[in-house]
Structures are given as C-alpha cells and as structure tokens.
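My entries follow in the order in which I made them.

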Amino acid sequence: MPRFDTLITNGLITTAVDAYYADIGIKNGRITALGHELGDAAAEIDAEGLRVLPGGIDAHCHLDQPMGDGAVMADGFYSGTRSAAAGGTTTVMPFAAQKKGQSLRAAVDDYHRRSDGQACVDYAFHMIVTDPTETVLKDELPALIEEGYSSFKIYMTYDDLKLNDREILNVLALARREGAMVMVHAENADCIAYLSELLTECGNTGPYYHGVAHSSIGEREASHRAISLAELIDVPVLIVHVSGADTIEQIRWAQSRGLRVYGETCPQYLMLTAEDLDRDGFEGAKYVCSPPPRDPAAQEAVWEGLESGVFQVFSSDHAPFRFEDTKGKKLRGENAHFEHIPNGIPGLETRLPILFSEGVVKERIDITRFVALTATNPAKIYGLYPRKGTIAIGSDADLTLWDTSAKNTIRNADLHHDVDYTPYEGIELTGRPVLTLCRGRVVSRDGQPESDAGYGEFLACAKPQPARPRGNAKGF
Ligand code: DUC
Ligand code: ZN
Ligand code: ZN
C-alpha cells in the first residue's frame with residue numbers, strides 16, 4: 001500500500017507567512033507530510049513552476065437565499081460551488097437568513113435542506129439575525145453557536161432585515177457571552193430613505209441614483225455607530241463589504257485604539273465605480289449592490305487598506321441575479337426605480353484571479369498577504385483554522401496550484417455560475433488557478449470544475465479566537 005494517496009511535488013508552497021519548496025503528502029484528504037523524498041504515492045502531481053497555495057475561502061457569498069421581494073438567486077449550492085471551485089476556492093460561507101417572525105433554527109434547517117447533497121466544495125453557514133426575540137437570544141443562538149454556527153450577520157438597513165440600536169446591543173452582548181463573530185452590514189437606513197425620497201421627487205430613479213442614495217457618509221456613520229456599540233459591550237465586530245475611505249478611516253481609528261474591529265472588502269470596490277451604475281439604459285442595474293462602488297479615490301483607499309492591513313478578509317459578496325430575468329435584475333421591469341432592483345453582483349469565480357492579478361502581479365500586495373486575505377484570516381476569524389486556510393500537517397488538503405504568469409481574459413461564457421453576465425467582462429488578468437484540490441480530490445482543472453454535487457461537506461465552525469473580547473471587566 002503506498003504511503004500517500006497523492007503526492008504533490010516540486011511546487012513552491014506559499015502560506016500567509018512563508019514560501020518554500022517542498023513536496024506535500026496527502027492521505028485520506030489530509031496533509032500528512034511536508035518535505036523531500038517522502039515516499040511512494042498512488043498518484044503524483046508535478047507542480048514544477050507552480051505556486052501551491054491554500055484553497056481559497058470565500059467567507060461572504062449568497063447562494064439560494066430566499067428573498068423577500070420575489071427575486072430568485074441564480075445560483076444555488078451546486079452551480080455556486082462549481083463556480084467557486086473553478087476559481088480556486090475550496091470553502092464557501094453563505095448565509096442562513098432568518099425572516100422576521102421565523103425561528104432562527106428553522107432558517108438553519110431550511111438552509112441545510114437547500115444545500116444537502118448539492119455542494120462541490122466544502123461549506124459552512126453564517127446566520128443572518130433579523131428578529132432577535134427572547135427565545136432567539138436565550139435559547140436558539142447559544143445552542144446554534146455551540147453546534148458550529150459561530151458567526152452571524154446583522155443589518156443596519158433594509159426594512160425586512162434591519163435591527164435598531166437596542167437590538168444591536170442585545171445581539172452584541174449575546175455574541176460576547178457565547179463567543180460568536182458578528183458581521184455588520186453598516187449603512188444608515190434613514191439616510192438612504194431620506195435621499196431616496198428626495199431623488200424620487202426629482203425624478204431621479206435610474207440605477208445610477210442607487211449609488212447616490214447609498215452615500216458613503218451613511219456607510220461611515222453606521223460603521224462608526226456599530227464600532228461604538230461594540231466598544232460599549234467590549235466585543236469584536238467585523239464590518240463587511242467596505243466601499244471606501246470614509247469607512248476605512250473609522251476602522252483604522254478603532255484599530256488604533258486597540259479595539260478588535262475587523263474589516264472586509266470585495267472585488268467590486270477595486271474594479272468598479274459609480275460610472276458603471278451610470279451605463280446606458282438599464283445596464284447600470286448589473287452593478288447595483290450595497291454599498292455601491294464609488295469613485296477612483298475610493299478604489300485607491302481600498303487598495304491602501306489591503307496593503308496596510310486595515311482589512312483582514314477579501315470576499316466576493318457573490319449575490320447572483322440574472323440580468324435578463326423577471327426574477328432577477330428586471331424583477332420590476334426595465335424602468336424600475338433603483339429601490340426595486342435586486343442588490344448584488346456575482347463574483348465567486350473571479351474573486352481570487354482578480355486579486356491575484358491586480359494585487360499580487362501588479363505588486364500592490366505581497367503574495368503572503370493574498371493568502372492571508374483570501375484563506376488564512378477568514379479561516380481564523382470564522383473558526384475553521386487550522387483545518388482550513390493553511391498548508392500544514394493535519395490540515396485538510398485544500399490546495400490551489402497557480403500558474404502565476406498565465407494570461408486570461410474574463411468572459412462570462414467561460415464562467416460556471418448561472419448568472420448571465422459578469423461585471424468584469426473583458427478584463428485581462430495574469431495568473432490563474434490551474435488545479436484545485438478539496439480534501440485531496442481534484443475539484444477543478446484549468447478553469448473547469450470536476451467535482452460532483454454532494455462532494456462538498458458541511459463544516460461546523462469552532463468559536464473563533466478573534467471573537468474573544470478584550471476582557472475588560474464590565475460588572476454586567
Ligand atoms: N448585502 C450583502 O451583504 N450582500 C448583497 C446585498 C447586501 O445588501
Ligand atoms: Zn450586506
Ligand atoms: Zn452579502
């Protein structure tokens with residue numbers, strides 16, 4: 001019997017801290033040896049000339065999430081995770097969303113029904129808490145956190161999702177007690193409602209005005225408020241999908257005060273601007289997401305935040321709605337008011353290649369930071385480390401082999417999601433994941449998915465170490 005199931009030889013192993021040449025021995029889906037002349041294997045993969053990175057973790061994406069307005073997401077767990085695999089991602093973390101009035105447990109059970117037997121790569125769930133009743137706070141959340149759902153998102157906007165400040169304090173206190181990570185969608189709901197009303201009175205209702213209504217001041221204010229509420233409770237928080245300098249300043253300020261405030265950003269804030277929302281006709285609807293892409297100065301600020309360490313996580317925020325679809329972007333037709341255009345853009349498959357090309361190849365970020373942002377930090381922040389997010393003995397053999405000089409142009413026709421467009425059509429990239437393994441099995445090769453529905457396993461998340469409070473005695 002050979003010592004290993006698979007041996008990966010001659011690659012340049014690259015983690016969040018190191019780069020070194022070694023062979024990787026894989027047995028039963030795990031890395032069991034790193035070194036040279038390791039012994040025989042049933043299969044050998046020659047990674048000469050390639051970089052071997054931990055498989056990507058997309059810690060913020062939406063798959064088959066029920067929507068309140070009749071819109072239907074284009075991707076479920078099958079197409080979404082195939083697409084993820086093709087782009088070098090081996091773990092996805094979408095959201096089990098509670099509807100107001102629904103039990104949180106029911107939302108999680110429903111989400112398992114939607115994902116069971118579907119996924120091509122591994123997956124864990126965040127929860128979305130929209131209705132923090134006494135039962136949710138006292139019974140459901142503590143039990144669910146214990147069972148492996150150790151992170152949840154809260155919203156400060158959207159009528160059917162948002163929490164008021166008192167509710168936010170309640171869930172933050174719960175997270176502190178139970179050791180969960182809280183993700184915050186930080187936008188001021190009243191600022192959005194006020195600006196939308198004014199814009200409507202002026203007849204300004206096209207997609208471009210979505211970006212005006214979702215101002216960066218409203219994003220900044222809500223971020224500052226979320227940070228302050230978290231400081232009051234003494235609990236870490238992570239501000240998701242940060243769009244530009246105003247919010248970055250708040251996070252940096254909090255971090256400089258020693259607060260455990262983390263930040264996430266996404267490809268759309270590096271690659272798109274408000275001009276995309278202003279494209280002819282209804283085309284701008286393809287770029288409607290919240291917060292919206294802003295201007296070139298905001299893009300620069302986001303790059304600077306990635307370089308300087310303000311951000312810990314780089315996710316896709318894949319929220320897939322087809323353009324030519326009356327359950328997608330055209331839910332209310334081609335002349336819809338921007339308020340009624342489903343929010344979100346696709347990006348599971350393009351997340352890693354974009355950051356690699358624009359960040360690593362263009363020397364804005366070091367490759368070790370690329371690994372940290374796209375795999376290691378999300379694993380740590382959401383309780384999957386060291387099983388996921390690194391290349392170490394005992395870790396799952398989730399590996400992505402990169403050809404760092406391959407050229408590729410993004411074409412929707414080549415992607416594997418079920419969306420009929422990509423916002424990144426025609427962008428030329430350098431660097432490409434050429435082989436991806438999840439628990440030792442090839443899940444994509446040369447941009448083509450190879451894994452079957454049901455291969456992906458559900459992952460229970462531990463209580464994350466970065467979610468621990470600073471420990472200030474509170475007296476309550
Ligand atoms: N928030 C998200 O996190 N994703 C898509 C849309 C939104 O508002
Ligand atoms: Zn959000
Ligand atoms: Zn999202």
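**Zinc site.** I read the donors of the zinc ion (ligand 3) along the chain and found the spacing H-x1-H-x254-D. They are His60 (NE2), His62 (NE2) and Asp317 (OD), at 1.9 to 2.0 Å from the ion. Donors here are N, O and S atoms within 2.8 Å of the metal (3.2 Å for Na, K and Ca); water is not among the atoms, so sites may look incomplete. His62 and Asp317 link distant parts of the chain, 255 residues apart. I placed His62 in the loop between strand S8 (56-58) and helix H1 (77-86), and Asp317 in the loop between strand S17 (313-314) and helix H12 (351-361). Helices (H or I, at least four residues) and strands (E, at least two) are DSSP runs numbered from the N terminus. Both His62 and Asp317 are buried, that is, under 20% relative accessible area, with exposed over 50% and partly exposed in between (1.4 Å probe, protein chains only). The zinc ion (ligand 2) lies 4.2 Å from the zinc ion (ligand 3).

**Basis.** This is a predicted model, in which local features need pLDDT of at least 70 and side-chain atom pairs pLDDT 80 or more, while totals for chains, interfaces and linings use all residues. Residues are numbered from 1 along each chain as its sequence is written, chains are lettered from A and ligands numbered from 1 in the order written, and side-chain values use heavy atoms, without hydrogens and water.

**Nonpolar cores.** A core is a set of buried Ala, Val, Leu, Ile, Met, Phe, Trp, Tyr and Cys residues joined through side-chain atoms within 4.5 Å. I found 98 residues in the largest one, where Leu141, Phe152, Leu306 and Phe370 have the most contacts inside it. Helix H7 (residues 216-233) gives the most to this core, six residues. Which residues does Phe370 touch, not counting those up to four places away in sequence? I listed Leu53, Leu352, Leu355, Phe356, Val360, Ile365 and Trp402, with contact meaning heavy atoms within 4.5 Å. A second, separate core has 21 residues, including Ile57, Leu238, Ala379 and Ile381.
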